[in-house]
Amino acid sequence: MDQAALTPGEARRRFREGLRTPTAGWCRGWTQANLLAVPRDLAYDLLLFAQRNPVACPVLDVGDPGAVGTGLFGGDLRTDLPAYRVYERGAAVADVDDVRDLWRDDLVAFLLGCSFTFEDALLRAGVPVRHIETGTNVPMYLTSLPCRPAGSLSGPMVVSMRPVPASLVPVAIRVTARYPAVHGAPVHVGDPAEIGITDLGAPDFGDPVEVKAGEIPLFWGCGVTPQAAVMASGVPFAIGHLPGHMAIIDARDDRFQVP
């Protein structure tokens, strides 16, 4: 199977049939998104949290209460992602393949931009993407960078990391800056300790990747940030994607590119 050549609908069908896999490199040219569904009484706080922290939490679409699809996602949000993470009282209590039995009529689904969206542009510009090379999940880290609180929500920024040859760092910055709706340019370049990361080999989410000699780690805002806020804030109930296992939506990457 050439997962890069699949349409979003074809990919969602495979996930609905039980395939669990990180989605980096899937559906070339089609946009990927983070999912977080929260009860209606928390939806305004989440929307405000995203508005105040747009680099980490760029909102692409919001569903109606109870809806299992959105204008940009033509599938079923309960079944058509490869895996989900369920939260109760701020704790991750289960990673599951299907949330039909857990979905509630008051849940409001948020789809937020994902940095997987600009990876094809990086590759076309000659910038390697290590986790695609190795067929693993992207490494993601909790940082010491605080998000601006909103209502009942607060927490740290989460970042994704990609090692880039030093000579290509300006290219990576320039390419990704053209995608502000999917995190845009890196929030940090270089020493991970400066943003509170003590060990690149032990990501908080995803898989570690090698940083080779002559490479510099680049860190982008990550759409797992709202899930970190769910944990930090003790939110009673929420459903998110399993980090790295994204919603593939019915929009092309270039829709979110600026000149």
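## Aromatic cluster and pairs

One aromatic cluster is formed by Phe 118, Tyr 179 and Trp 220. The model is predicted, with pLDDT of at least 70 needed for local features and 80 or more for side-chain atom pairs, while totals for chains, interfaces and linings use all residues. Residues are numbered from 1 along each chain as its sequence is written, and side-chain values use heavy atoms, leaving out hydrogens and water.

The structure holds four aromatic pairs. Rings of Phe, Tyr and Trp (its six-membered ring) pair if their centres lie within 6.5 Å; planes under 30 degrees apart are stacked, over 60 edge-to-face, and the rest tilted. In one of the pairs, the ring centres of Phe 118 and Tyr 179 are 6.5 Å apart and the planes stand at 55°, so this pair is tilted. Phe 118 lies in the loop between strand S5 (107-113) and helix H3 (119-124), and Tyr 179 in the loop between helix H5 (169-177) and strand S8 (188-189), so the pair ties together parts 61 residues apart in sequence. Helices (H or I, at least four residues) and strands (E, at least two) are DSSP runs numbered from the N terminus. Both Phe 118 and Tyr 179 are buried, a term for under 20% relative accessible area, against over 50% for exposed and in between for partly exposed (1.4 Å probe, protein chains only).

The rings of Tyr 141 and Phe 219 also have centres 6.5 Å apart, but with planes at 75°, so this pair is edge-to-face. It links Tyr 141 in strand S6 (residues 140-146) with Phe 219 in strand S9 (residues 215-221), 78 residues apart. Tyr 141 is buried at 1% relative accessibility, and Phe 219 is buried at 0%.

## The sheet

Four strands form an open antiparallel sheet in the order S6-S7-S9-S8; strands pair if DSSP finds at least two bridges between them. S6 and S8 stand at the edges with a single partner strand each, so one side of each has no neighbour in the sheet. Strand S7 (residues 156-165) pairs with S9 over seven bridges, and Ser 160 stands opposite Trp 220 in S9.

## Around the sheet

Pro 186, in the loop between H5 and S8, is buried with a relative accessible area of 17%. Leaving aside neighbours within four places in sequence, Pro 186 is in contact (heavy atoms within 4.5 Å) with Ile 173, Thr 176, Leu 218, Phe 219 and Trp 220.
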